[in-house]
Amino acid sequence: PYAALYLDHVRANAPALTKLEYNARHFDNRHAAQLAEAMEGNCYLTQLIFQNGRLTDQGFASLVGALTTNPHVTHLDLSNNQISDLHPLLPCLRYHNHTLVSLDLSGNPATDLGELHRHCALNQEPTPLKIGLVQLEDNA
């Protein structure tokens with residue numbers, strides 16, 4: 001019920017809802033897919049914080065899809081989840097979302113971090129990628 005209430009506010013594009021935060025094991029792939037669908041057309045939600053959850057590659061791909069269609073998100077914190085594949089994020093950052101300034105993926109089992117680091121460091125696209133903070137842990 002609590003999550004459904006916030007999803008309704010996200011769908012309604014409520015100006016008061018600019019930050020959505022779940023810091024518990026209750027946020028999983030199903031919730032990520034529901035949120036991604038609800039974010040279509042939302043222009044006020046700028047911060048997504050889903051720490052210490054059960055988010056895997058499937059849910060990560062759903063959220064990346066939401067970032068692709070919603071360029072208003074500036075802060076994304078998915079620390080301490082179960083994300084191992086970061087590849088869906090690269091085309092999103094390169095071609096769609098140029099507003100993300102804070103990205104935290106620390107504490108995830110992702111091991112292919114080199115490509116993401118290189119992508120953020122090169123930053124030579126026609127519209128520069130504006131990432132000021134990328135916190136990544138190499139768990140290798």
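Tutor: In this predicted model, the axes of helix 3 (residues 57–69) and helix 4 (residues 89–96) come within 10 Å of each other and cross at roughly 5 degrees. Angles under 35 degrees count as roughly parallel, and therefore helix 3 is described as roughly parallel to helix 4. On the side of helix 3, the contact is made by Phe60, Val64, Leu67 and Thr68, and these meet Leu89, Cys92 and His96 of helix 4. Sorted by class, the contact of helix 3 with helix 4 holds five nonpolar residues, two polar residues and no charged residues.

From this pair of helices, the description may pass to helix 2 (residues 29–38), in which Asn29 lies. Asn29 has a relative accessibility of 16% and therefore counts as buried, the cut-off being under 20%. The side chain of Asn29 reaches the backbone nitrogen of Gly59 at 3.0 Å. Leaving aside residues up to four places away in sequence, Asn29 touches Arg54, Leu55, Thr56, Gln58 and Gly59.

The aromatic residues form a further topic. A search of the whole structure finds three aromatic pairs. In one of them, the ring centres of Tyr22 and Phe27 are 5.3 Å apart and the planes stand at 35 degrees, so this pair is tilted. Tyr22 and Phe27 are both buried. The rings of Tyr22 and Phe50 have their centres 5.8 Å apart, again with planes at 35 degrees, and so this pair is tilted as well. Because Tyr22 belongs to strand 1 and Phe50 to strand 2 (residues 47–51), the pair ties together parts that are 28 residues apart in sequence. Phe50, like Tyr22, is buried. Together, Tyr22, Phe27 and Phe50 form one aromatic cluster.

To return to the part requested, helix 3 and helix 4 run roughly parallel, and their contact includes no charged residues. Elsewhere, the side chain of Asn29 reaches the backbone nitrogen of Gly59, and Tyr22 forms one aromatic cluster with Phe27 and Phe50.

Note on methods: Residues are numbered from 1 along each chain as its sequence is written. This is a predicted model: local features need pLDDT of at least 70, side-chain atom pairs count only at pLDDT 80 or more; totals for chains, interfaces and linings use all residues. Side-chain values use heavy atoms; hydrogens and water are left out. Helices (H or I, at least four residues) and strands (E, at least two) are DSSP runs, numbered from the N terminus. Buried means under 20% relative accessible area, exposed over 50%, partly exposed in between (1.4 Å probe, protein chains only). A polar contact is a pair of N or O atoms within 3.5 Å; within protein, one must be able to donate a hydrogen and the other to accept it, and residues adjacent in sequence count only if both atoms are side-chain atoms. Contact means heavy atoms within 4.5 Å. Axes are lines fitted to C-alpha atoms, for helices over the stretch in contact, and angles run from 0 to 180 degrees between N-to-C directions. Angles under 35 degrees count as roughly parallel, over 145 as roughly antiparallel, 65 to 115 as roughly perpendicular and the rest as oblique. Ala, Val, Leu, Ile, Met, Phe, Trp, Tyr, Cys and Pro count as nonpolar, Asp, Glu, Lys and Arg as charged, and the others, Gly among them, as polar. Rings of Phe, Tyr and Trp (its six-membered ring) pair if their centres lie within 6.5 Å; planes under 30 degrees apart count as stacked, over 60 as edge-to-face and the rest as tilted.
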